[in-house]
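Thanks for taking a look at this one with me.

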Amino acid sequence: MLTVWGLTLTSDIARQVRRWRADDYSWRAIAAAADQQWGTDSGGNQLFGSDLCRESARMLGEDPDADPWH
C-alpha cells in the first residue's frame with residue numbers, strides 16, 4: 001500500500017492520474033482534481049500533484065520522467 005499526502009494510492013487512482021496527465025493537466029490542476037475527486041486537502045498544491053504523478057507512474061510500472069508524466 002502506498003500513501004501520498006494522506007491519499008492511499010490504488011491502481012484505479014493511478015490510472016486516473018495518468019489520464020489527467022495525458023490530457024495535459026498541470027501538476028497544480030491534478031492536485032485540485034484529486035482534492036475534488038478523492039477529498040484530499042492540498043489546496044491544489046503543485047507539489048502534491050507532482051508527487052501523485054511520480055508515485056502513480058511507479059505504481060503503473062512506468063518511468064515518471066517520461067511522457068506523459070513529466
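Predicted model: local features only at pLDDT ≥ 70, side-chain atom pairs only at ≥ 80, totals over all residues.

1. Thr-40 has a relative accessibility of 13%, and the cut-off for buried is under 20%, so Thr-40 counts as buried. You will find Thr-40 in the loop between α2 (27-38) and α3 (46-59).

2. Now for the surroundings of Thr-40. The side chains of Thr-40 and Asp-35 are joined by a polar contact of 2.6 Å. A polar atom of the Thr-40 side chain also lies 3.4 Å from the backbone oxygen of Ala-34. If neighbours within four places in sequence are set aside, the residues in contact with Thr-40 are Leu-7, Ala-34, Asp-35 and Phe-48.

3. Next, please turn to helix α3, where Asp-51 is placed. Which side chains make polar contacts with the side chain of Asp-51? One is that of Trp-5, at 2.8 Å, and another is that of Arg-54, at 3.1 Å. Leaving aside neighbours within four places in sequence, Asp-51 is in contact with Val-4 and Trp-5.

4. On to the helix pairs. Two packed helices are described by the angle between their axes and the distance between the axes. For helix α1 (residues 11-22) and α3, the angle is about 120 degrees and the axes are 9 Å apart. Angles of 65 to 115 degrees would count as roughly perpendicular and those over 145 as roughly antiparallel, so α1 and α3 are oblique to each other. Their crossing is left-handed.

5. Which residues bring α1 and α3 together? From α1 come Ser-11, Ala-14, Val-17 and Arg-21, and they meet Leu-52, Cys-53, Ser-56 and Met-59 of α3. By type, the residues of this contact of α1 with α3 are five nonpolar, two polar and one charged.

6. The axes of α1 and α2 cross at roughly 140 degrees and come within 10 Å, which makes α1 oblique to α2. Here the crossing is right-handed. On the α1 side the contact is made by Ile-13, Gln-16, Val-17, Trp-20 and Arg-21, and on the α2 side by Trp-27, Ile-30, Ala-33, Ala-34, Gln-37 and Trp-38. The residues of the contact of α1 with α2 divide into eight nonpolar, two polar and one charged.

7. While you are in helix α2, have a look at Ala-29, which is placed there. Its relative accessible area is 29%, so Ala-29 is partly exposed. How far apart are the C-alpha atoms of Ala-29 and Gly-44? They are separated by 6.7 Å, although the two residues are 15 residues apart along the chain.

8. Finally, two backbone details. Most residues other than glycine have a negative phi, and most peptide bonds are trans. Asp-24 has a positive phi of about 70 degrees although it is not a glycine. Asp-24 sits in the loop between α1 and α2, and with a relative accessible area of 71% Asp-24 is exposed. The peptide bond from Asp-67 to Pro-68 is cis, with omega near 5 degrees, and Pro-68 is found in the segment after α3.

Technical notes:
Residues numbered from 1 in each chain as written. Heavy atoms only, no water. Helix = DSSP H or I, 4+ residues; strand = E, 2+ residues; numbered from the N terminus. Buried < 20%, exposed > 50% of the residue type's maximum accessible area, 1.4 Å probe, protein only. Polar contact = N/O pair within 3.5 Å; in protein donor to acceptor, adjacent residues only side chain to side chain. Contact = heavy atoms within 4.5 Å. Axes fitted to C-alpha atoms, helices over the stretch in contact; angles between N-to-C directions. Parallel < 35°, antiparallel > 145°, perpendicular 65-115°, else oblique. Left-handed = near helix turned anticlockwise from the far one by under 90°. Nonpolar A, V, L, I, M, F, W, Y, C, P; charged D, E, K, R; others polar.
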